[in-house]
Amino acid sequence: MTENNFSLKKIEISVSEAEKRTGRNAMNMQETYTAYLIETRSVEHSDGQSVLTDSLWRRYSEFELLRNYLLVYYPHIVVPPLPEKRAEFVWHKLSADNMDPDFVERRRIGLENFLLRVASHPILCRDKIFYLFLTQEGNWKETVNETGFQLKADSRLKALNATFRVKNPDKRFIELKHYSDELQSVISHLLRVRARVADRLYGVYKVHGNYGRVFSEWSAIEKEMGDGLQSAGHHMDVYAASIDDILEDEEHYADQLKEYLFYAEALRAVCRKHELTQYDLETAAQDLAAKKQQCEELATGTVRTFSLKGMTTKLFGQETPEQREARIKMLEEQIKEGEQQLKSKNLEGREFVKNAWADIERFKEQKNHDLKEALISYAVMQISMCKKGIQVWTNAKECFSKM
């Protein structure tokens with residue numbers, strides 16, 4: 001589903017607003033939800049002139065529908081994840097309500113990041129359904145459903161069956177699956193540690209407000225020392241209040257980590273699809289081998305393995321030569337079809353591995369760059385926070401010196 005004459009590289013995409021709305025759901029029950037305003041603007045028109053911005057509203061569930069479609073039609077691609085639907089790994093002062101304005105704002109940023117990830121992907125950016133998601137407000141859902149992607153989606157039971165029954169799995173995908181599990185585990189632990197640190201840091205900063213109150217009360221009973229104590233108390237109040245902005249900035253860092261927490265599942269989705277592809281290949285090879293054996297047994301009149309057909313022959317007598325020839329001919333035709341099918345599945349499997357591994361390498365470069373930048377930014381944030389603390393106490397020291 002691609003649009004060959006369409007390139008998102010020449011279009012700017014943003015999710016500029018979030019709006020709380022009420023309406024009726026599929027069960028005709030009233031519900032409250034958040035809608036997001038997507039704005040697109042061509043950087044340059046075909047005649048060289050800039051064009052006006054187009055905009056439309058989408059619900060989170062429509063973003064989910066888009067991603068589910070991409071997962072089915074591009075199984076070899078590490079499809080970018082959506083931001084969390086409900087807040088996870090939050091520290092106790094942060095609201096876990098999915099309608100909380102701060103959470104909605106962070107999710108708006110996350111949804112914009114998702115669209116930019118898709119738009120910057122060399123293959124996904126040219127998908128027609130993605131293009132219509134950005135430009136067609138009415139009947140978009142119907143257009144997606146008409147692709148029949150739900151029917152092409154692999155069932156979880158089939159995927160689980162393939163996981164346990166594949167005999168010759170690709171070691172690279174096994175290692176990738178283990179890596180995705182470990183990546184998810186370490187990022188989960190990191191987010192939990194960060195939430196605990198945020199809790200304690202919040203308490204430490206807010207307790208400094210007590211310094212401000214005590215210094216202010218003390219200044220009221222002192223004449224020579226009063227001004228210095230009052231000023232020092234003011235610096236402590238400022239220090240105590242600064243933690244709110246600091247931890248709000250930290251939430252954006254946490255959201256960057258959460259994106260790769262969810263990317264781990266996207267990696268596993270590619271691994272599961274490879275297992276299904278390999279399982280189908282092995283099943284086709286087994287079926288072909290079984291048919292060749294049946295044909296050989298019919299031609300030679302010997303039965304090497306137990307079969308229901310062999311038992312039936314013993315009970316009711318041998319087939320006539322004509323019946324045997326007819327069965328041999330039918331099996332030969334099935335063998336030809338099976339050989340073509342096996343050849344096709346072999347090509348499909350090799351193509352999947354080639355494309356999947358190319359995208360995995362692209363993802364690794366992206367991951368290394370993004371996580372490096374996020375960790376550096378977090379370190380810089382902590383350094384800045386410590387410097388502000390030093391500055392507050394330096395100012396307090398000067399106030400005490402002037403007393």
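Student: Cysteine 399, buried or exposed?
Tutor: This is a predicted model, and in it cysteine 399 counts as buried, at 11% relative accessibility. The cut-off for buried is under 20%.

Student: And what is the relative accessible area of cysteine 125?
Tutor: Cysteine 125 has 3%, so it is buried too.

Student: How many disulfides turn up in the whole structure?
Tutor: Zero, from a search of the whole structure. For reference, a disulfide is a covalent bond between the sulfur atoms of two cysteines.

Student: Change of topic. How many aromatic pairs are there?
Tutor: The structure holds 14 aromatic pairs. One of them is phenylalanine 63 with phenylalanine 114: the ring centres are 6.4 Å apart and the planes are at 65 degrees.

Student: Why is that pair edge-to-face?
Tutor: Because the planes are at 65 degrees, and over 60 counts as edge-to-face.

Student: Which pair does phenylalanine 63 form with phenylalanine 133, and with what geometry?
Tutor: An edge-to-face one, with 5.1 Å from centre to centre and 75 degrees between the planes. This pair also links distant parts of the chain: phenylalanine 133 is in helix H3, residues 128-135, and lies 70 residues from phenylalanine 63 in H1.

Student: What is the relative accessibility of phenylalanine 133?
Tutor: 0%, so phenylalanine 133 counts as buried. Phenylalanine 63 is also at 0% and counts as buried.

Student: Which residues form one aromatic cluster here?
Tutor: Phe63, Phe114, Phe133 and Trp140.

Student: What lies over the face of phenylalanine 133?
Tutor: Arginine 58, at 4.8 Å from the ring centre. Another case is arginine 172, whose charged end sits over the ring of tryptophan 357, 5.0 Å from its centre.

Student: On to the sheet. What is the strand order?
Tutor: S1-S2-S3, in an open sheet of three strands with antiparallel pairing. S1 and S3 are the edge strands, each pairing on one side only. From one strand to the next, the twist averages 25 degrees.

Student: How many bridges join S1 to S2?
Tutor: 13, between S1 (residues 11-24) and S2 (residues 30-42), running antiparallel. Among the facing residues, threonine 22 has threonine 32 in S2 as its bridge partner, and arginine 24 stands opposite glutamine 30 in S2.

Student: And how many join S2 to S3?
Tutor: Six, again with antiparallel strands, and S3 covers residues 54-59. In S3, arginine 59 is the bridge partner of alanine 35.

Student: How do side chains sit in a regular strand?
Tutor: They alternate between the two faces of the sheet.

Student: Which strands does H1 touch?
Tutor: H1 packs on the sheet and touches S2 and S3, with its direction at about 90 degrees to that of S3.

Student: Then which strands does H2 touch?
Tutor: S1 and S2. H2 packs on the sheet as well, and its direction makes about 135 degrees with that of S1.

Note on methods: Residues are numbered from 1 along each chain as its sequence is written. This is a predicted model: local features need pLDDT of at least 70, side-chain atom pairs count only at pLDDT 80 or more; totals for chains, interfaces and linings use all residues. Side-chain values use heavy atoms; hydrogens and water are left out. A disulfide is a pair of cysteine sulfur atoms within 2.5 Å. Buried means under 20% relative accessible area, exposed over 50%, partly exposed in between (1.4 Å probe, protein chains only). Rings of Phe, Tyr and Trp (its six-membered ring) pair if their centres lie within 6.5 Å; planes under 30 degrees apart count as stacked, over 60 as edge-to-face and the rest as tilted. Helices (H or I, at least four residues) and strands (E, at least two) are DSSP runs, numbered from the N terminus. A charge sits over a ring if NZ of Lys or CZ of Arg is within 6 Å of the ring centre and within 35 degrees of the ring normal. Two strands pair if DSSP finds at least two bridges between them. Axes are lines fitted to C-alpha atoms, for helices over the stretch in contact, and angles run from 0 to 180 degrees between N-to-C directions. Contact means heavy atoms within 4.5 Å.
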